[in-house]
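This report describes selected local features of one protein model. Please consult the sequence and structure shown below.

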Amino acid sequence: MRRLLAVMLLSLILAGCSRSPLPSDQPPDQTPIQNDPAAQEAVLLDQIEAVDDACREIAEAYAFAFGDSLSFRQGETVAFADVFPYFLCAGVYRLDQEALYSLPELAACRDDRSGVYHLPEGTAEELVERGILTEEDLPEAWREGDVYQIPVPFFTVRRELYPYLDAETNTFSDVPAGLVDGYLTEKFPTTVDHTGIDAYDPDTDTYSFTPLAGDFYYDLTFGSSSLALDGVCMLPVIVAPSGETAAGAAAGYQLSFEILMQDGEYRFQAVETFPLSPWDVYEPSEDLDALAALLARRTGTAAADEELIRAVFDYQQQGGRRLYEWSLLPAFSPESPPDWEELSLYIFMMCEETGKDPSGYSTMTAQAFDVTAARYFEDAAYTHQDSGYFTYADGVYTSTGWGDIAGDLLLPASLTCHGGSVYTMELVGYRFWEWDFPGESDLSPLMEAILAAGGGRWPVYKQGALLGAYLDETVRESLPVSSRMTVTFRLTGEEGAPFRYIACTRLDAEE
């Protein structure tokens with residue numbers, strides 16, 4: 001995912017978090033911040049509602065503040081001076097400032113030349129009623145008649161910090177230490193120690209600083225997050241240099257987060273950093289004809305090499321019907337027609353012309369069925385009729401209401417070229433479970449094997465991790481196989497459907 005983060009005072013978007021009620025039990029190893037004298041003044045609360053969105057914003061702020069320089073495991077204490085930069089990034093700005101800045105009602109009354117919102121009283125009241133603004137957003141001192149004259153930075157900086165902002169220099173002066181210290185002890189396993197922090201003035205017990213600003217020339221790619229019952233969010237993130245990376249930028253890396261989401265707040269429990277492997281940033285080819293072109297160049301019989309393995313992997317990762325083209329292909333031969341249940345599902349998943357009935361159930365005409373069957377099968381005998389997946393009446397198939405369909409990811413073991421554009425490929429199938437997420441205790445045998453091969457490191461791109469493990473012949477043998485498949489097909493020369501199938505045999509792992 002490409003994302004250029006321009007981090008400026010009025011447009012910083014790193015901390016746009018929202019939130020929903022979460023379990024409120026305090027974990028035994030976490031000291032409530034209200035018991036910390038330095039946190040008594042802290043009122044910089046984050047009120048997260050959407051946990052997935054919050055985790056992503058938190059990860060972005062962390063990467064901007066620290067890069068790959070700060071990591072710690074659960075139970076470890078982090079030096080206060082080491083975590084201080086996070087306040088300069090995530091602790092300074094209002095969580096909703098991006099949304100407010102782009103809100104049409106506010107944009108219409110924003111005077112960019114003077115840096116002031118001329119907000120009519122009626123509009124202000126409407127925004128309060130809608131829950132977008134609060135009474136605290138409308139200081140009476142800024143009211144002139146029936147118009148509020150509100151400086152633009154007031155909707156950018158947290159209210160608690162705004163009194164200490166010099167908008168002309170973008171600096172903060174004489175910020176009470178409690179506002180900073182409380183925020184950081186809430187977010188990190190740390191204790192207050194002002195040693196080595198030049199921004200802190202011990203005589204006044206205040207901070208003066210300039211917030212972090214600049215360009216973040218990295219793309220963040222987020223893996224699957226999970227939120228356990230104890231409120232801990234697990235999230236792996238790839239941070240890779242973007243195409244616009246400045247000269248001398250550091251290489252990419254992976255961050256693996258454990259973040260406690262509790263009582264509307266968040267707290268880093270552990271953050272680990274890892275160097276990137278080629279599979280962290282693997283991007284399948286966008287050339288839809290790449291596999292067919294590769295096969296056309298092959299002759300004889302041979303075990304699958306890396307080029308073929310990558311091409312077969314890419315073909316299935318290019319989305320749409322290709323995800324199911326091999327994983328759901330039914331067993332058949334010229335002498336033995338495919339199972340009708342399996343064929344009816346396959347044809348629907350590969351059909352380009354489907355619809356909906358008035359109740360919202362998926363439909364497919366018999367004509368569309370025939371066109372699709374002819375596109376993918378050299379010869380498949382069948383009779384239009386009901387199946388477990390569809391009812392058939394008046395030339396139309398109507399879904400019976402089944403759910404999502406998942407299949408194995410298939411990787412080639414060998415290829416035989418018969419001549420005349422006919423090929424036989426042996427493939428091995430691997431299956432992840434739907435709930436293969438960080439923090440889950442019940443993982444698929446495949447995910448457990450990949451984690452074991454990677455030293456427990458959770459992959460951001462689990463299919464890419466499988467590809468990398470399969471290409472490593474020393475690791476391949478440890479991967480649990482779900483199925484085996486042998487398919488014979490002919491190249492058609494059609495980009496949308498390059499293969500027409502002649503025969504297929506399938507075996508489950510135990511067979």
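**Basis of the description**

Helices (H or I, at least four residues) and strands (E, at least two) are DSSP runs, numbered from the N terminus. The model is predicted: local features need pLDDT of at least 70, side-chain atom pairs count only at pLDDT 80 or more, and totals for chains, interfaces and linings use all residues. Residues are numbered from 1 along each chain as its sequence is written, and side-chain values use heavy atoms, without hydrogens and water.

**An open sheet and its loop**

Four strands form an open sheet in the order β17-β18-β20-β19, with antiparallel pairing; two strands pair if DSSP finds at least two bridges between them. β17 (355-356) and β19 are the edge strands, each with a single partner, so one side of each lacks a neighbour in the sheet.

Antiparallel strands β19 and β20 are joined by 4 bridges, and A393 lies opposite V396 in β20. The loop between β19 (390-393) and β20 (396-399) contains D394.

**Positive phi angles**

Most residues other than glycine have a negative phi. D394, although not a glycine, has a positive phi of about 55°. D394 counts as exposed because its relative accessibility is 79% (buried is under 20% relative accessible area, exposed over 50%, partly exposed in between; 1.4 Å probe, protein chains only).

S421, also not a glycine, has a positive phi of about 65°. S421 lies in the loop between β21 (409-419) and β22 (422-430) and is partly exposed, with a relative accessible area of 35%.
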